[in-house]
Amino acid sequence: MKDTQHPGRRPPANTIVADDGDDLRFCSTCAFGSVCLPAGVDKTALRELHMLVEHAGPYRAGEHVFRSGEPFAAIFAVRGGVVKTRQLDDDGREQVLGFHLPGEMIGLNAIHAEKYPCDAIALDTVFVCRFSFPALATLATKMPGVQQQLFRLLSADIGKASLLAGDYSADERLAAFLLLLADRFAARGFSAKAFRLEMSRGDIANYLRLAAETVSRVLRRLQDQKLIHVEGRDVELLDRASLQDLARNILHQ
Amino acid sequence: MSQHRRMKTALPHSSAQFDPALIARYDVAGPRYTSYPAAPQFHGRFGEADLRAAIRASNGDPIPRRLSVYVHVPFCLSPCFYCGCTRVITRDVSKADVYLDRLYREIELIAPQFDRDRTLAQLHFGGGTPNFLDERRMADLLDSLATNFSFDRSPQREFGIEIDPRQCDPDYVRMLARHGFNRISVGIQDFDPDVQKAVNRIQSVEQTRAVLDTARECGFRSTSVDLIYGLPKQTTLQFARTLDQVIALAPDRVACYAYAHLPERFKAQRQIVAADLPDAPTRLKLLGLSVEKLTAAGYRYIGMDHFARPGDDLAQAQDAGTLQRNFQGYSTHGDCDLIGLGMSSISHVGSTFSQNARDLPTYYAALDAGRLPVVRGLTLDDDDLIRADAIQQLMCHGVLDIASFERRHQLDFNEYFAAELARLRDIECDGLIEVGADRLHVTSRGRFLLRIIAMCFDAHLARSEAAGTRYSKAL
């Protein structure tokens, strides 16, 4: 966050760092937030849960939150910024696994192997909450809410991976990508209509298994058709219905 | 600007657009805003690594901008005394080879950093004298560019060159057309023999006509000429004749620049006898005359020093709201990343400006060591980007729509620009601009004083004046 704010300047749409949590509440955008929702949660247990949350960051663009192969010690909730997860194959070729927005969790896929199977890299200035996993697991045995939330997050993480596999056209993939991103921003209270793509077109292309030129060609076409407006890294969805129509095969699978 | 404050009077819109008294009062020094922040703000802490990072980031945009390349050819056969450009005087064409060698290296170093699907939509050769290069050298240079960049093959591409007609025959123009040039800009300055002698540039109307006519025959999309007012020995009577001769040549665009006499900065200008320079009232009359004659002949005043026929791309871009201001004045291709090649050239990639070494030894040394010859530049911060947009809107379109500006930059306009609006209200009293609740609108009189309006938004100006930067006068 900029420490000097010019008078009259509004904070940019989706670059707010969530910081409204306290001893008894998670930040409003956090994926872990719903743990607190069930009535009658034991306040001591809840405080205990919050005790094991550590704020980390800022990570500058390009810095690692964790590295592939490192022993698994914690899961992370993104508090501000966007994190890319990726794997490198033996030839050093990158495969982008996903982009993680404020409120979303990373590191869940390390639970099984007990080491991180991928790199997590900040795409812009990133702040995270670190949940020590051993402590979290112990707590989960005492707090059913925590356990349920962990299961929910795990299954959502597995579902996400299969979303863009399959034999879909570039147009379908990009329309779905933009809509899903918009929904994820909206779920955290950000605008579903206008957002900033912190990831490069190379990363988007890699993630969608397309060529970088194809990403730009399709986006330009969508722009010419007045479905979207792109200015630098900022994207505005102008015609959601048409985008949904384009992406229907992916979204309704 | 309080010394300019007058009684607030309602100014009828039908009043003469050109108001000499008003313009004379605003004859103060200021940047020409071919960039914001202006070039004196560039600093040496910006270097090659910053430019490379800016290029990488620009490749990552969802729809990367297309490319505009400027090539500086710094050689001239003889010195025009008014010139403030970075150039080398020589009659030896082979001198160019040493330079071209380094230019090729620069092309080979920088071009591969841009993703290959980013087409080169605009190419501009400036100088110096680009037609100092003979056909073979010009062809080789274009080959190198075509090999290393992806040329846009559509007719919308804009390939332009500045020409000195004193050393350009019709064959040369035909050669340029064959190599894909479709825009030509011809230096005239003044056709009057006394003025031409005083500035060491003897050039006939016939030579000039031959170049322009051939260009039109060859299908060039746009022809342009440059004039300068405020040169030694210029009188209104004789400049009127030059303007008539220019109008008879029927170029699509006319640029009429103010001569800035800064002999302490530009050595060539020391050849000019200060006593021969027209006084301030005469300069004003020369400008007034240009506006009057060119608009009467059907040219539209685009802004600053530029006029264009209504059918020309520049006027069309202004109508469409796509006109941009850049280092070549006004441009229809402002949505490109600009790569400046050659000694002293300026690049504008993403939100950075950068400039190459301004002398040959430094330029050569960098390239011989395999480095890009960047010596200074800057990265625009959020505030710079906001102000650059405001200045762009006002200089290109004469209008700033407050609601869309607030949406674009996520700000409260009245709060953000409280101090600037107070300054604008001063010049509003003089009828240069209307400050409305929903928009700022430059009046027809304000069009002649765009620099003054832009200066209200310039956050660097006060600081650079304190540091002793000298700008040319607005007029």
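A residue counts as buried here if 20 or more other C-beta atoms lie within 10 Å of its own C-beta. The model is a predicted one, and what follows is read from its coordinates.

β16(B) has strand partners to look at as well. With β15(B), residues 346-349, the pairing is antiparallel and runs over four bridges. B:V349 has B:T352 of β16(B) as its bridge partner. These two strands make a hairpin with two residues between them, and B:G350, sitting in the turn, has a positive phi of about 55 degrees. β16(B) also pairs with β17(B), residues 374-379, again in the antiparallel sense, this time over five bridges. One of the facing pairs there is B:Q355 with B:R376 of β17(B).

In soluble globular proteins, nonpolar side chains tend to be buried together. Here the largest nonpolar core takes in 122 residues, and the ones with the most contacts inside it are B:V69, B:L227, B:V254, B:L394, B:I453 and B:A454. Helix α12 of chain B (residues 382-397) supplies the largest share of this core, six residues. Leaving aside residues up to four places away in sequence, B:I453 touches B:L394, B:I427, B:L432, B:I433, B:V442 and B:G446. Apart from this core lies another one of 58 residues, and its members include A:Y116, A:C129, A:M199 and A:L243.

Turning to chain A, its secondary structure comes to eight helices and 11 strands. Of its 253 residues, 38% count as buried. Among contacts in chain A with a separation of 6 or more, 71% come from residues 24 or more positions apart.

One piece of chain A is an open sheet of three strands, in the order β9-β11-β10, with antiparallel pairing. Its edge strands are β9 (194-196) and β10 (228-231), each of which pairs on one side only. Averaged over the sheet and ignoring direction, neighbouring strands are turned by 20 degrees against each other. β9(A) is joined to β11(A), residues 234-237, by three bridges, and the two run antiparallel. Within that pairing, A:F195 stands opposite A:V235 of β11(A).

Two packed helices are described by the angle between their axes and the distance between the axes. For α5(A), residues 201-208, and α6(A), residues 212-224, the axes come within 8 Å and cross at roughly 100 degrees. Angles of 65 to 115 degrees count as roughly perpendicular, so α5(A) and α6(A) are roughly perpendicular to each other. On the α5(A) side the contact is made by A:R201, A:G202, A:I204 and A:A205, which meet A:A212, A:T214, A:V215 and A:S216 in α6(A). Sorted by type, the residues of this helix contact are four nonpolar, three polar and one charged.

Across the interface, 20 residues of chain A are in contact with 13 residues of chain B. On the chain A side, the elements that give two or more residues are α5 and α6. α6(A) gives the most, with six residues. The chain A side that touches chain B divides into eight nonpolar, six polar and six charged residues.

Note on methods
Residues numbered from 1 in each chain as written. Chains lettered and ligands numbered in written order. Predicted model: local features only at pLDDT ≥ 70, side-chain atom pairs only at ≥ 80, totals over all residues. Pairing = 2+ DSSP bridges. Axes fitted to C-alpha atoms, helices over the stretch in contact; angles between N-to-C directions. Parallel < 35°, antiparallel > 145°, perpendicular 65-115°, else oblique. Contact = placed C-beta atoms within 7 Å. Nonpolar A, V, L, I, M, F, W, Y, C, P; charged D, E, K, R; others polar. Core = buried A, V, L, I, M, F, W, Y, C linked by C-beta atoms within 7 Å. Buried ≥ 20, exposed ≤ 12 C-beta atoms within 10 Å, placed from the backbone.
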